[in-house]
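Subject: Structure handover

Hi there,

Here is the structure I promised to pass on to you. Please open it first, and then read on for what turned up.

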Amino acid sequence: MLAGKKILLAVCGSIAAYKAAFFVRLLVKEGAEVKVIMTSSAKDFITPLTLSTLSKNPVYSEFIKNSQGEWVNHVELGLWADLLIVAPLSANTLGKMANGLSDNLLTAVYLSARCPVMVSPAMDLDMYQHPTTKENLRKLTGFGNIVIEAEDGELASGLHGVGRMAEPEHLLEAVQDHFKKKETLKGKRILITSGPTHEAFDPVRFIGNHSTGKMGRSIALACAKRGAIVDFISGPVQHLPDHPAIKIQHITSAEELFKAAKESFTEADIAIFTAAVVDYRPKEKAQSKIKKQKENLELTLVPNPDIAMELGKVKKNGQVTVGFALETDNEAENAQAKLKKKNLDMIVLNSLNHEGAGFSHDTNKVTIFKKDNNQISFELKTKDQVAEDLLDVLENLDR
Ligand code: C5P
């Protein structure tokens, strides 16, 4: 299955480093060619001899290879690999990768590698939960790296929770999946609307919502990884996708979003409407800041264009459109009604009734309704995995 694949495994200092030995064995058994890099602290946990014996290759650790002062070319190592996997990934190396530090062979290879990068964090409970760790992992995802989430269970500290490095068998599955995935969307142009809109009623105030654009970002990265060219139109959000195939246009209001989306839609093969468009905008926008007053302030709101619906009306044969629905009651019925009303090919219903789903979370639980009346419900998953599921369904639509 992995015959001929060149895999560069980078091992950090963590008690989970012992799992690297099992992982190398599995990779070699599957026919992969494996080279290993170790940080100096990884050698406190497992010997280079173990990993070089199992990988049948020398292990790299320093920029200087031997007593003759032979140099290890980090660029060459990065170019050699079809896939770089950092497993286990320590909080320390994660921090360096997220911030472009390059003070050892592993981080220099990471910065110079052109191949996809997968990371498998292993940390103690509180380290894994720390906002810095979460932020750094988000940054890596934003760079297009694949993060294999840590697993739940007993930790070396005796604590119990999420932080264990994924089991070697699970890592192997992730690697196999990665190579199975071809550039299935190569040549496709995909329009994605994402994030909230802000509807101003004076120069400093607006009506908005809590959308963070995380779902849109995950979908954009998944599309780009499958070879598509992405037109990403985003409202004001903090975290944006970062990939050469993703062109980002920033908008603030629904009207700006509509204008940009209309233009991009003419060229699009697929449009995915993840934006949480504010349905009404203030009729008037004051030129200067509205002064605080004793009386009530009354705003008249007028409806915004429904972008998905308007574009649904001008949809050409062969164009595919996907919407999202967030419902509080009669979820399935309302989602299906929107699918029809907006002339969508499929609609993704976010379950608001499930903890961990919807706005601002890194996870989501969705049901996808298709035009042919079929529906598929998924478990609570990371938004990256939801994006992959969505694209798998989309690629297999009967049209
Ligand atoms: O009608 P509702 O707002 O629930 O529909 C949600 C779907 O429609 C989402 O895909 C959203 O991006 C899209 N939408 C839109 N323009 C609007 C409102 C919603 O494109 N004004």
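**Around the ligand**

A backbone N or O atom of alanine 308 lies 2.8 Å from an oxygen atom of the ligand. Before going further, please keep in mind that this is a predicted model. For alanine 275, a backbone N or O atom is 2.7 Å from a ligand oxygen, and for phenylalanine 273, a polar backbone atom is 2.6 Å from an oxygen atom of the ligand. On its own the ligand would expose 450 Å², and the protein buries 88% of that.

**The pocket**

Where does the ligand sit? You will find it in the second largest pocket. The volume of this pocket is about 810 Å³. It is lined by 38 residues, and those closest to its centre are Thr274, Ala275, Ala276, Val277 and Phe324. Several elements give two or more residues to the lining: strand 9 (189–194), helix 9 (214–225), helix 11, strand 17, helix 12 (331–341) and strand 18 (346–351). Strand 17 gives the most, with 4 residues. The lining divides into 16 nonpolar, 15 polar and 7 charged residues.

**Two backbone details**

Most residues other than glycine have a negative phi, and most peptide bonds are trans. Two places in this model are worth a look with that in mind.

- The peptide bond between alanine 87 and proline 88 is cis, with omega at about -5°. Proline 88 is part of strand 4 (residues 83–89).
- Lysine 56 is not a glycine, yet its phi is positive, at about 60°. You will find lysine 56 in the loop between helix 2 (48–55) and strand 3 (59–60).

Best wishes

Note on methods. Residues are numbered from 1 along each chain as its sequence is written. This is a predicted model: local features need pLDDT of at least 70, side-chain atom pairs count only at pLDDT 80 or more; totals for chains, interfaces and linings use all residues. Side-chain values use heavy atoms; hydrogens and water are left out. A polar contact is a pair of N or O atoms within 3.5 Å; within protein, one must be able to donate a hydrogen and the other to accept it, and residues adjacent in sequence count only if both atoms are side-chain atoms. Accessible areas come from the Shrake-Rupley method with a 1.4 Å probe; for residues, only the protein chains shown count as cover. On a 1 Å grid over the protein atoms alone, a cavity is a set of points where a 1.4 Å probe fits but cannot get out, and a pocket is an open set with protein on both sides within 12 Å along at least five of seven lines; lining residues have an atom within 4 Å of a point. A molecule sits in a cavity or pocket if more than half of its atoms lie within 2 Å of its grid points. Grid points are joined across faces, edges and corners, and a volume is the space filled by probe spheres set on the points. Ala, Val, Leu, Ile, Met, Phe, Trp, Tyr, Cys and Pro count as nonpolar, Asp, Glu, Lys and Arg as charged, and the others, Gly among them, as polar.
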